[in-house]
Amino acid sequence: MTVGEVFTRWQDFSEDLGTIRVERVEPADRAGHKAALRRDARDVAETPLLQRMALAYRYLNTLAVGVWAGDESWRADLRDVTTSLVPQEDESQDDGLLSSLIAVCLAQLLQDARLRGGSEADLVAKAAWERAQEWAAFADDAHVERFLQNSTEAGARVVTAGEVQEVVELAMAAADDQDAELLAALEAEGFAAELMNGVWVIDGEFRNPLRAAARAATLIGESCVLARNDRQSVVLLWHGGTLAMADSKIPRWRVYQIKAPVTPQSKFSGGEGLPPTRDTHPLAPAPEHVRRLADAVGVNLSHLLAALR
């Protein structure tokens with residue numbers, strides 16, 4: 001039975017997932033399974049919601065039985081299938097069932113991926129998250145359990161109930177706080193972060209506040225970051241291709257022009273001191289272009305200067 005031939009009622013989908021589940025696929029048959037799934041994925045947006053859900057389940061199932069062992073191309077397919085699960089306004093849906101499947105799919109995409117990373121896997125997972133995360137917040141544990149896969153097959157990929165719960169909790173937090181996703185990404189880096197009056201304040205026991213600030217700024221995007229430990233404070237202002245840095249130990253502004261793929265992290269990743277620049281200025285009064293940077297990211301420059309003294 002093919003995906004396109006099953007499920008016309010919600011009860012059918014809820015009760016008969018076994019009609020599309022496979023327990024094993026021989027290595028010689030894996031290419032055929034992938035080709036069939038890809039054909040369905042290409043046209044997934046044009047199919048009824050139940051068929052889209054069935055296809056998502058098939059991807060989870062074939063990942064569990066090792067069909068995609070050594071092949072990461074499933075990520076882009078599952079991204080497209082997951083985003084297609086967000087129902088159209090005129091489509092009826094069982095919210096708990098649909099949300100649970102979306103949460104499991106997002107957890108699968110987030111394995112070995114980060115929402116604030118720059119790898120292909122990171123970008124694929126982020127695209128699916130941005131489109132579907134608000135649905136994941138309504139997942140139901142009982143439904144999630146039915147979508148989870150078990151496998152001992154070599155090359156299998158499965159998600160655990162704990163991984164899905166992390167996705168659900170992050171989606172719930174994001175619904176209440178637009179910065180929840182970013183705070184989770186910073187926490188994953190070991191940073192205790194707080195947004196204070198437009199400044200991302202990073203406190204910690206890290207040895208190099210500049211590298212901590214640069215990593216945080218790269219995750220956050222154009223912003224103002226203050227990283228500090230008990231010995232030193234560093235401020236980074238980043239907007240529109242201009243990056244300004246000030247250090248409590250050396251009271252001067254150092255200004256750089258950066259263009260992608262350069263990031264604050266890569267700019268300050270060298271081990272031979274600060275990168276050279278001719279654009280240096282006393283900490284106060286701050287030069288006009290530093291004041292413009294502060295205005296652009298919405299922070300009070302006088303407060304930053306106080307934090308550096």
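The model is predicted. Its largest nonpolar core has 57 residues, and its largest pocket has a volume of about 480 Å³. Helix α6 is kinked by about 55°.

**Helix α6**
- Helix α6 runs over residues 120–136, which makes 17 residues.
- At 1.5 Å a residue it should span 24 Å; the C-alpha atoms at its ends lie 22 Å apart, so the two values agree.
- The kink in α6 is centred on Glu130.
- Buried residues of α6 include the tryptophans Trp129 and Trp135.

- In soluble globular proteins, nonpolar side chains tend to be buried together.
- Within the largest core, Phe13, Met53, Leu101 and Val164 have the most contacts.
- At least two residues of this core come from each of α2 (30–42), α3 (49–64), α4, α5, α6, α7 (141–147) and α8.
- A second core is separate and holds 24 residues, including Leu182, Phe206, Leu210 and Leu243.

**Largest pocket**
- The lining of the largest pocket is made of 19 residues.
- Leu110, Ala113, Leu115, Glu166 and Leu170 lie nearest the pocket centre.
- Helix α9 supplies the largest share, six residues.

How values were computed:
Residues are numbered from 1 along each chain as its sequence is written. This is a predicted model: local features need pLDDT of at least 70, side-chain atom pairs count only at pLDDT 80 or more; totals for chains, interfaces and linings use all residues. Side-chain values use heavy atoms; hydrogens and water are left out. Helices (H or I, at least four residues) and strands (E, at least two) are DSSP runs, numbered from the N terminus. The expected span of a helix is 1.5 Å times one less than its number of residues. The bend at a residue is the angle between axes fitted to the seven residues ending there and the seven starting there. Buried means under 20% relative accessible area, exposed over 50%, partly exposed in between (1.4 Å probe, protein chains only). A nonpolar core is a set of buried Ala, Val, Leu, Ile, Met, Phe, Trp, Tyr and Cys residues joined through side-chain atoms within 4.5 Å. On a 1 Å grid over the protein atoms alone, a cavity is a set of points where a 1.4 Å probe fits but cannot get out, and a pocket is an open set with protein on both sides within 12 Å along at least five of seven lines; lining residues have an atom within 4 Å of a point. Grid points are joined across faces, edges and corners, and a volume is the space filled by probe spheres set on the points.
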